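Please look through the structure shown here before reading the notes below it.

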Amino acid sequence: CWTIDVRDGKPTKVPLKPKTGENAQSNNPSTWGNYEIAVQRYRECENDRIQGIGFVPTNGYVGIDLDHCRDIETGKIQSWAQEIIEQLNSYTEVTPSEAGVRVWVKGTLPGHGRKKGGVEMYAEGRYFTITSHHLEGTPLEIHHREEELKKVHAEIFGDSPKTKAGF
């Protein structure tokens, strides 16, 4: 589960333990719960601080965040993000801000590059909120997209880790 806290004057999505509502940690599986418990807690929490459910990708799942790419009023996706969505062709949903989208795939991320501009890609150690606000025109399932993921990753982050000059 998750809630919004304000930290340093900025709203931040904070993961919560679904059983207790206490703060959870994206890098500590003992603070996580399962989908059924999270959904049940969310549905029962009318006056609780829980605002939704989330997911820490593991076991071959990859979350790709495309930030500030969607017009909140019209729903129009910017061309750079639309290209990525079409290349990956897997379940995609609108983020809680409604100004971004998140694409979910199954695959393996290369060992470098996780954030550049409005794009973030994570397969572990990162907490993602889930909205179930499906982006029309994209699959309803999360698909295995190993080759597509590698191609998109290389287009954004390059083929190999950056090295310092002279090494």
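The notes that follow cover confidence, a strand pair and a helix pair.

This is a predicted model, in which local features need pLDDT of at least 70 and side-chain atom pairs count only at pLDDT 80 or more, while totals for chains, interfaces and linings use all residues. Residues are numbered from 1 along each chain as its sequence is written, and side-chain values use heavy atoms, with hydrogens and water left out.

**Confidence**
- The chain has a mean pLDDT (the predictor's confidence in each residue, from 0 to 100) of 91, and 94% of its residues reach 70 or more.
- Where pLDDT is low, the predicted coordinates should not be read in detail.

**Strand pair**
- Strands β1 (residues 2-7) and β2 (residues 10-15) run antiparallel and are joined by 6 bridges; strands are DSSP runs of E, at least two residues, and helices runs of H or I, at least four, numbered from the N terminus.
- Two strands pair if DSSP finds at least two bridges between them, and isoleucine 4 has lysine 13 of β2 as its bridge partner.
- The two strands form a hairpin with 2 residues between them, where aspartate 8 in the turn has a positive phi of about 55°.

**Helix pair**
- The axes of α2 (residues 79-88) and α3 (residues 146-157) come within 9 Å and cross at roughly 155°; axes are lines fitted to C-alpha atoms, for helices over the stretch in contact, with angles from 0 to 180 degrees between N-to-C directions.
- Helices α2 and α3 are therefore roughly antiparallel to each other, the term for angles over 145 degrees.

Methods: Angles under 35 degrees count as roughly parallel, over 145 as roughly antiparallel, 65 to 115 as roughly perpendicular and the rest as oblique.
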